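Hi everyone, thanks for coming. Let me put the structure up on the screen, and then we'll walk through it together.

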Amino acid sequence: MEEKRASTVLQLLQQTFAMPKWIEAKRDPFETLIVTIISQNTADRNTARAFERLSKRFEIKPEALAKAETSQIEEALRVGGLYRNKAKTIKTISRIILEKFHGSIQPILSLPFKEARETLMSLPGIGPKTADVVLLFSAKQSTIPIDTHVNRMAKRLGFAPANGDYDAVRVSLQSLYNPRDYLAVHVLLIAHGRRYCKARRPLCKQCPVSMHCPSRGLWD
């Protein structure tokens, strides 16, 4: 029963939102990792600006970023949040990938899912969401990254426990969908959370999935 409701919700979201064009673009896995680190607690617009500034200053390769001065990375990332911590993380991770993995994260991504995820999360500054984003987008691994929008949507829709932690929400969502749909679920729940199911004042009357949401009307 829940699988049917989940399928209906996904179909309605697919009718409401177009998948972003950048989904089709092939980005280097290391670039995906760096972008995802920059995006932590940072708005999309500032993430894009920070990555563009970093790209203009350095080649986005472990060799270049490992040798870069931390202060120069900080300056490039200043338009985003937590730029000092992120600059330190990027330089450290670049050095580790260069020294331990011969300058490529592809060997990590080629590992079985659990091992690849644990290896990524062993790197400084890499939590479960960052690891899952890299695995989903760069390795086509079967996982759903849980950001704040996906977490909120999953719980309001009753697809995950209200008090569930990151992995409880991820596993609950994945149990409702076919792995081939994980990318769409991730992207479309984010889109819906931004446009309709906002954190403080969700637009339930305009929401295209309201008839299938047990939380509808709670904010009227």
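So, the lining of the largest pocket splits into 17 nonpolar residues, eleven polar and eight charged. Keep in mind that this is a predicted model. The pocket itself has a volume of about 1,300 Å³. If you want to find its centre, look for Trp22, Val35, Asp44, Val133 and Phe137, which are the closest to it of the 36 lining residues.

Which elements give two or more residues to that lining? They are helix 2, helix 3 (44–57), helix 9 (128–139), helix 10 (148–156) and helix 12. Helix 12 gives the most, with seven residues.

Okay, on to the aromatics. Searching the whole structure turns up one aromatic pair. The partners are phenylalanine 17 and tyrosine 196: their ring centres are 6.2 Å apart and the planes sit at 65°, and since over 60 degrees counts as edge-to-face, that's what we call this pair. Where do the two sit in the chain? Phenylalanine 17 is in the loop between helix 1 (2–16) and helix 2 (29–39), while tyrosine 196 is in the segment after helix 12 (182–195), so the pair ties together parts that are 179 residues apart in sequence. Both phenylalanine 17 and tyrosine 196 are buried.

Is serine 39 buried or exposed? Its relative accessibility is 19%, and the cut-off for buried is under 20%, so serine 39 counts as buried. Leaving out residues up to four places away in sequence, serine 39 touches Thr47, Lys86 and Lys129.

That's me done, thanks!

How values were computed. Residues numbered from 1 in each chain as written. Predicted model: local features only at pLDDT ≥ 70, side-chain atom pairs only at ≥ 80, totals over all residues. Heavy atoms only, no water. Phe/Tyr/Trp six-rings, centres within 6.5 Å; stacked < 30°, edge-to-face > 60°. Helix = DSSP H or I, 4+ residues; strand = E, 2+ residues; numbered from the N terminus. Buried < 20%, exposed > 50% of the residue type's maximum accessible area, 1.4 Å probe, protein only. 1 Å grid on protein atoms, 1.4 Å probe; cavity = no way out; pocket = protein on both sides within 12 Å on 5 of 7 lines; lining within 4 Å. Points joined across faces, edges and corners; volume = space filled by probe spheres on them. Nonpolar A, V, L, I, M, F, W, Y, C, P; charged D, E, K, R; others polar. Contact = heavy atoms within 4.5 Å.
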